[in-house]
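Let us walk through this structure step by step. Look at the model first, then follow the text.

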Amino acid sequence: CAKWKGRVPQGLAWQELLKDPKNRAYYTDARDRIRELFPDASVKFGLYYHCFIDVMDESCEKYRDCRRLDAGGNHMAYSLDHYKLYVPTLENEFGRAIGRGIDIRLDDLGADAFYWDEYNQSRGTYTYTPGMWDGCSADIDAKTYKIRRLKGAVHLLSLPFLKHHIQRVIDRVPAFFNGAPYSRTLADLHFQCFTETGSITNCHRVVLYTPVALGDHLTERSQKDAYAVMLKALDWGCLYAWYSGIVIPTHKTITEHMFPATPIELHEGFIICEERIVTNRSGIFGWGDKSDFTVHVYDREGRITMATEAKQVTQDGKTYAEVRIPEGYSAAIVRLSKSHGR
C-alpha cells in the first residue's frame, strides 16, 4: 500500500492517493481476486475507515475551523505529531470531505464489508475549538463552582455525522465497529462492535451491547495464544473475533461455532445466545425447552475432540447438554431447532 510522503495514509491522504490509478488498482485487484477465489461471497472485501484522523500538513490550514484543540489552543494529535485530529460534522468542510471516503470505499472500490475504527471519538473526550460547543459541556472552577470556559464533547458534536453515515453503511454491507456506542442515538442503530483486548478487562466495555472481544495483537503469537484469549473472553461472557496478522490458523477452533449469536445471558465463563451456548466451564446448559442441538468440544490446544465430554440429557421433558470438561477446554452447544414449550 502506498504511503503519503512516507506516512501511513490516514484520513484524506488515503483519498488523495487513490487519484493515482496504480494506487486504486491495489484495492480493485484485491477485490477481484477475492471474488474469484470465493464466488459464494463467503469471504468479503472489507476496507478500514477512521473519521477523526488526517496526516496531510495542508489540512491544518484548509480545515482550520474543524481542528480539535486542547485547552491551550494546540492542535491535538493521535500517537504521532502528524496524526492530527479533527471534529467531523455534517455541516463542516472536514466532515463533508471525510464522509466522501465512505462512498469511495463502497462505490468506487466496491467494498462489500466495512470496518470503522474508533467511531465514537479518538484520544480523549473534549475539544476547545472556538465555536464548537455541544450545549452542555464546560470546565468548572473547583473553588467557585463557576463556569470557567465552554468546551465540546467530540462524540456529541459529531453525533449527527456518525448517525447519518453509520446508518447508510449498515444499510448496504456487513460492518464492524471498534467500541460500544457512547450514546443511545447510536445504540438504537443496532450494529456489531467489539472491544480491543490489549487488556482483557476491556471486555466490561461491551457487555451491555455486543459482547465480542477482538483478538489481542500484542500477545498472540500462535494459535494456542489466540485460543487462550478466547477462553479469557468467555470469562467475561464475551465471544471472540480474530485479529492477529501473525497467527495463521492451521485448524478450525471454537470460533467456527460462535456466530451468529443473539445474547440472552452473560455469565462468568459462558454466554447463552438464542442460536448457541458457548462455555469454558462444566455444567448443564440449555434453553429450558425441548430444543435439539449439537455439542462441539475443544481441548487445551483448541482442537476439536470427539465430544465424549458432553451428552444430551432430558429433565422434566426439557433437553439439556451435560458438559464435563477439564480446565482449558471449551464447548459450543449449537441449537438446531427451537422449541418454545416451557
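A word on the source. This is a predicted model, in which local features need pLDDT of at least 70, side-chain atom pairs count only at pLDDT 80 or more, and totals for chains, interfaces and linings use all residues. Residues are numbered from 1 along each chain as its sequence is written, and side-chain values use heavy atoms, with hydrogens and water left out.

Stay with α7. Among its buried residues are Ala-226, Tyr-227, Met-230 and Leu-234. Buried means under 20% relative accessible area, exposed over 50%, and partly exposed in between (1.4 Å probe, protein chains only). Just after α7, Gly-237 takes a positive phi of about 75°.

Now turn to helix α2 (residues 21-37). It has 17 residues and reaches 24 Å from its first C-alpha to its last, close to the 24 Å expected. At its start, a side-chain oxygen of Asp-20 comes to within 2.9 Å of the backbone nitrogen of Lys-22. In α2, Asn-23, Tyr-27, Thr-28 and Arg-31 are buried. The buried residues of α2 pack against α1 (12-17), β1 and α4 (93-108).

Rolling a probe the size of a water molecule over the atoms shows where empty space is left. On a 1 Å grid over the protein atoms alone, a pocket is an open set of points where a 1.4 Å probe fits, with protein on both sides within 12 Å along at least five of seven lines; lining residues have an atom within 4 Å of a point. The largest pocket has a volume of about 790 Å³. Of its 23 lining residues, the closest to the centre are Tyr-115, Phe-176, Leu-214, Ala-241 and Trp-242. Strands β1 (46-49), β4 (113-116), β9 (175-178) and β10 (192-194) each supply at least two lining residues. By class, this lining has 15 nonpolar, five polar and three charged residues. Here Ala, Val, Leu, Ile, Met, Phe, Trp, Tyr, Cys and Pro count as nonpolar, Asp, Glu, Lys and Arg as charged, and the others, Gly among them, as polar.

The second largest pocket holds about 530 Å³ of space. Its lining has 24 residues, and those closest to its centre are Glu-118, Asn-178, Tyr-182, Glu-196 and Arg-205. This lining divides into six nonpolar, 13 polar and five charged residues.

Is Glu-118 buried or exposed? It is buried, because its relative accessible area is 17%.

Tyr-145 also has a positive phi, of about 60°, although it is not a glycine. This residue lies in the loop between β6 (138-140) and β7 (147-150). Tyr-145 counts as exposed, because its relative accessibility is 65%.

Finish with Glu-268. This residue lies in the loop between β13 (263-267) and β14 (270-273). Glu-268 is exposed, with a relative accessible area of 58%. Leaving aside neighbours within four places in sequence, it is in contact (heavy atoms within 4.5 Å) with Leu-234, Asp-235 and Arg-281.

Terms used: Helix = DSSP H or I, 4+ residues; strand = E, 2+ residues; numbered from the N terminus. Points joined across faces, edges and corners; volume = space filled by probe spheres on them. Expected span 1.5 Å × (residues − 1). Polar contact = N/O pair within 3.5 Å; in protein donor to acceptor, adjacent residues only side chain to side chain.
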